[in-house]
Amino acid sequence: MSFNREGGKNKFLYRNTRGIKKKSSRRGTKLIDMESIQGGEISLAHATASTQHSLPSMEEEVVGFEDDAKNIIQQLTGGTKELDIISIVGMPGLGKTTLARKVFNHFIDIRHFDVRAWCSISKEYSSRKVFSEILKQVVGSMNGIRDEDIPHELRKSLMRKRYLIVLDDIWEAKAWEELRLSFPHGEDGSRVVVTTRDEQVVRQLKLHSNPYFLRFLTEDESWELLEKKVFQGEICPQKLLKAGLRVAKNCKGLPLVIVLIAGIISKKRQASLWFKVANDLRSHALEDQSMKIIESSYDYLEDHLKACLLYMGLFPEDYNFPVSILLKLWIAENFVQNSDTDNLEEASTNFLNDLASKSLVMVSKRRDNGEIKYCTLHDVVREFCWRKLAKEKFMQLIIPYNPDQSLGASEPRLCMYVHDDLAKQLVEHAYSLDKIPLLAELNVVGSFAQCHGRSLEFIAHPKLYKWNRNLTTHVRLLDCIRHIRVLDLLNIYLEGRFWARAMEAVTHLRFLAIHTQEFRFQWVDHLLDLQTLRVGWQPISLSSRISPAGLWKMQKLRHVDIKEIKFAWEDNDRAIFEECSLTVLPNLKSFGRCRIYLADMTPEFWWRFPNIEQLKLLIVEPYVPRYHKFPIPEIDMPNLEDLPLQSLEVGFSDKPESHDFGIGRGSCLVFPSNLKDLSIHSIFLTEKVVSNIARLLNLERLKLRRILFKDENMGCWDVGDYKFPALKYLNLRGVDMNEWRSSEASFPVLEKLVIRRCEKLQEIPSSFADIQTLKLIRLRDCMKSVEDSALNIKKEVEDITGCDSLQVQLDFKYMPYGRKDHDLRIFKNSVF
């Protein structure tokens, strides 16, 4: 059940209207941009890129985007009386121009604005022509006006008038900067509508209103549009229905592709042909048109962004990229280079944001702090990347990004992507590079590489593991492409230690991910360039431990992610660690998850990571029976206080090989003062622990999982006397409390509250209604009284502010403890 207010259906229909006269004369022949073909203004064969400026066509009236259009119209007619910019953002072909046209045409008969003008900007534009086109629509004539006087005349003509100007397809904020002085900033309710594929542009243009982001069509909406375009208002015959639905589904919700395909299949209404089109959307029309709009965005990218985008195109269709991994891959492939090594992660994040803001990468999921967690490529963009790679014979000069080329700039690298055809030829020709036809045809090994003055390197295929699961084959393949920098074998379970032989060949690795039965740092410590090490470890024995020897040799390590690290600190390991000052990893940013055994005094190795930002620990306390009546023996807790950590995950257990609860020593742990992200699990929550958390003045995210209370607290969590001044996100999961007490000052800037499986909790403190920043309460598997309290808080917020600013999400998967109502919405999600 959903009560979400984020717009309704994004229908996308057309109907012919005749007898409507155009209200302006135009000079010359109009060349339309790629999105304008959605309106059916000209045939596909004659569509070309636009650098001209003209009013939208009135030959066909667009009927659709009903809810989107209503939202935009409301922004145009309501809100501030000052000049405002309404931005419509989306990837090429999503319908930005169509929506803007619908809104623009809405005001033909509704005389809300005194004057209206439409101008297509595009990437290559002339400011003189833009000014001229707008002025011509405003005053109706350009007679006697000199070119240099046009900006002044435009401003004078708009003065004291309520105007609507549409600037279609803006690529840079610079275009607006050149125009804005001619648009008076009065209090007449004037509006400028901007369409763009670049989110960063609208961020710079924003005055009052937030950008309006278009979504993709659903399958039903896609079929509705396809049927309308093919049958021109008639109903699809039953014999074509199944094939038509398949075509609509495979258009992946992109209106441009739907319109292009409709132009093809409408000529031959045969089910067999339609199924063929559905199975292979690679017709000449699609290649010539939809690919062209993607290429226009691609050509406008900086070189380092082109490499990042093409690299994503190698992955399987609809692949959902975990951003934390994708950025490490880009860094490993040397797409990201920075003279300041501490900023590599920040630079790669900026790259991704650039691609997302240009609508070439789609955001699948964001973290609670707004950062991108997962992303993907639309099928049209991925198809373009694949075609681009194939056209270049999978060869590319990788030009790494460096903000200061004078500081350690690297030469471009000549690289070949290890694609399917190359892999097959390697197998057929016994892994001999000089014999495979593909390279012989390109003459890569000889003159091609020599003319570029560099040797050929390889970029590993992300599906390398699918070619052959025989480990011997992998050893030969890796020996052949030994210059690869990335090797991801997490999808292969490597038994024993034989995989270590394959690692001897690939000495240039910067990213290694393996799933193995046995692991030793000594088997990979020759990889001196390694930056990221990921190990999905499934040891034969749960008590298996590994020596840290070898870890310290890999000085370029930035990220170590091992499922469960249990160090075996032998005497010589301790001596080397404690006496040698060279056992430091200066570049390491993240490490974990590691078990720390208090009983055997595990050395505090993390002090050898001077720039560590993220650490995951499981602290194993000495086992004491629950019925033990004597005082718990004192044992020093790990010292974390002065670490430069931004993120810490720490759990407790009193059994060496389990995840049972600790017995209470967590209250002795002092957290690093600069923490922004803290996750604690499997602990008895005491006043001292809460007090230590409240001292973290920079803490923005707090997760509490599997939390118990001492008997004397009777399951009551009282934070009324504490203040968490910077906390924006609070996640409570499996917190065994009956009552929660809080004051209005406890969480002054909280934005999101998530409660899961807190099955005994009776209600959320009513003081949460006084938190002005609160935007979301998300509940899962809680008592109905907790649900009621959340809805009461929402109602109180609405009564106080008059705004529907707080969203409540209810998600039930299991029957919560103590819940008696019979109308429980099992496996349902409700949004209020």
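How many salt bridges does the count come to? I got 25 salt bridges, taking one as a side-chain nitrogen of Lys or Arg within 4 Å of a carboxyl oxygen of Asp or Glu.

**Ground rules.** I am working on a predicted model, where local features need pLDDT of at least 70, side-chain atom pairs count only at pLDDT 80 or more, and totals for chains, interfaces and linings use all residues. Residues are numbered from 1 along each chain as its sequence is written, and side-chain values use heavy atoms, with hydrogens and water left out.

**Salt bridges.** I looked up Lys136 and Glu133, whose side chains meet in a salt bridge at 3.4 Å, N to O. They sit 3 residues apart in helix α3 (residues 127-139), so about one helical turn separates them. My helices (H or I, at least four residues) and strands (E, at least two) are DSSP runs, numbered from the N terminus. For burial I use relative accessible area: under 20% is buried, over 50% exposed, and in between partly exposed (1.4 Å probe, protein chains only). Lys136 is buried at 15%, and Glu133 is buried at 11%.

In helix α4 (residues 150-158), I found Glu153 and Lys156 3 residues apart, again about one helical turn. Their closest N and O atoms are 3.5 Å apart in a salt bridge. Glu153 is partly exposed, at 22% relative accessibility.

Next I checked Arg146, which bridges to Asp149 with the closest N and O atoms 2.9 Å apart. Asp149 is partly exposed at 25%. Arg146, Glu148 and Asp149 are linked in a network of salt bridges.

**Aromatic rings.** I searched the whole structure and noted 19 aromatic pairs. The rings of Phe724 and Phe747 have centres 5.2 Å apart and planes at 10 degrees, so I logged the pair as stacked. The pair links distant parts of the chain, 23 residues apart: Phe724 is in the loop between β23 (716-718) and β24, and Phe747 in the loop between β25 (739-741) and β26 (752-756). For the record, rings of Phe, Tyr and Trp (its six-membered ring) pair if their centres lie within 6.5 Å; planes under 30 degrees apart count as stacked, over 60 as edge-to-face and the rest as tilted. Phe724 is buried at 4%, and Phe747 is buried at 2%.

I also noted a cluster in which ring pairs link Tyr311, Phe315, Tyr319, Phe321 and Phe335. Tyr311 is one of the buried residues of α12. Helix α12 (residues 303-313) is mostly covered, with 10 of its 11 residues buried.

Most residues other than glycine have a negative phi, and most peptide bonds are trans. Arg593 lies in strand β18 (residues 590-597).

Where is Asp169 placed? I found Asp169 in the loop between β5 (163-168) and α5 (173-179), with a positive phi near 65 degrees. Asp169 is buried at 12%. Ser682, in strand β21 (residues 677-685), has a positive phi of about 60 degrees although it is not a glycine. Ser682 is buried too, at 1%.

Last, I looked at Leu99 in helix α2 (residues 96-106), which is buried at 0% relative accessibility. Leu99 and Thr195 are 96 residues apart in sequence and 9.3 Å apart in space, C-alpha to C-alpha.
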